[in-house]
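Hi,

Here is the structure I promised to pass on. Have a look at it first, and my notes follow below.

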Amino acid sequence: MNGVPAPAPLPAVDLVAIGASAGGIDALMRLFHDLPQPWRLPLVAVLHLPEGRDSRLAEIFGRRLGLPVREAQDKAPVAPGTLHFAPPGYHLFIERERVFSLSCEPPVLYSRPSIDLLMETAADAYGPRLAGLLLTGANEDGARGLAAIGAAGGLTAVQRPDDAAVPQMPQAALDLLRPRGPDHVLPLPRLRQLLMQLDSLHAP
């Protein structure tokens, strides 16, 4: 025995909430590219985009990925095996009934949609059956939301700052979640492996 504790087994989750900002399109494309099929786990992503223009994220990712991709709609249910993107200009909430809700409340940390608000409402709806991933970005949005997921018993994961295109966002989460830190701090290829492991544990 070498005295190194075995890694804790991964929990089964019903949703993965993902946040990214600067550098996020490339990071998300690498995270989701060529995921195994059939994919069962619902994914919800907030990517900071300029307000006042249409988002083409669902179209761009839908052409390149092997799973359904759609922009989240108000009062629509969270769909299994689907990647949902937050629309620009709205905060995206998840209600306890596990349906989406859109809000025009003021920006949070200069951002609308807010990663924090998605993750906080998802933590309230899913509790320990939620995983949160925070990737590259240039502000502190997402750190508070990831802390809420951890407080609800969910799984928390952060892209390693030295692996991120822009390290401020993952570093803010590491700073806020001290001393324990997130459950996982990993480079993007290993976050992708984590995502696939979570899908393999997800019961449809």
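Let me start with a helix pair: H1 and H6 are oblique to each other (angles under 35 degrees count as roughly parallel, over 145 as roughly antiparallel, 65 to 115 as roughly perpendicular and the rest as oblique). Before going on, note that this is a predicted model, in which local features need pLDDT of at least 70 and side-chain atom pairs count only at pLDDT 80 or more, while totals for chains, interfaces and linings use all residues. Residues are numbered from 1 along each chain as its sequence is written, and side-chain values use heavy atoms, with hydrogens and water left out.

The axes of H1 and H6 cross at roughly 45 degrees and come within 9 Å. Axes here are lines fitted to C-alpha atoms, for helices over the stretch in contact, with angles from 0 to 180 degrees between N-to-C directions. Helices (H or I, at least four residues) and strands (E, at least two) are DSSP runs, numbered from the N terminus. The crossing is right-handed, that is, the near helix is turned clockwise from the far one by less than a right angle. H1 brings Ala 27, Arg 30, Leu 31 and Phe 32 to the contact (heavy atoms within 4.5 Å), and H6 brings Leu 188, Pro 189, Leu 191, Arg 192 and Leu 195. By type that makes seven nonpolar, no polar and two charged residues (Ala, Val, Leu, Ile, Met, Phe, Trp, Tyr, Cys and Pro count as nonpolar, Asp, Glu, Lys and Arg as charged, the others, Gly among them, as polar).

H1 also packs on H2: their axes come within 11 Å and cross at roughly 35 degrees, again in a right-handed crossing. Here the residues are Ile 25, Leu 28, Met 29 and Phe 32 from H1, with Leu 57, Ile 60, Phe 61 and Arg 64 from H2. Seven of them are nonpolar, none polar and one charged.

So what covers the buried residues of H1? The cover includes S1, S2, H2, S4, S7 and H6, and the residues buried in H1 are Gly 24, Ala 27, Leu 28, Met 29, Leu 31 and Phe 32 (buried means under 20% relative accessible area, exposed over 50%, partly exposed in between; 1.4 Å probe, protein chains only). Just after the helix, Asp 34 has a positive phi of about 60 degrees.

Now the core. The largest nonpolar one (buried Ala, Val, Leu, Ile, Met, Phe, Trp, Tyr and Cys residues joined through side-chain atoms within 4.5 Å) has 34 residues, and Val 16, Phe 32, Phe 61 and Leu 83 have the most contacts inside it. Elements supplying at least two residues each include S1 (15–20), H1 (24–32), H2 (57–64) and H6 (188–201). Leaving out residues up to four places away in sequence, Phe 32 touches Ile 18, Leu 43, Phe 61, Leu 65, Leu 83 and Leu 195. Another core, of 28 residues, lies apart from this one, with Met 119, Ala 143, Leu 146 and Met 169 among them.

Ser 21, between S1 and H1, is buried at 15% relative accessible area. Its C-alpha is 4.2 Å from that of Gly 137, 116 residues apart along the chain. Ala 72, in the loop between S3 (69–71) and S4, counts as buried at 3%.
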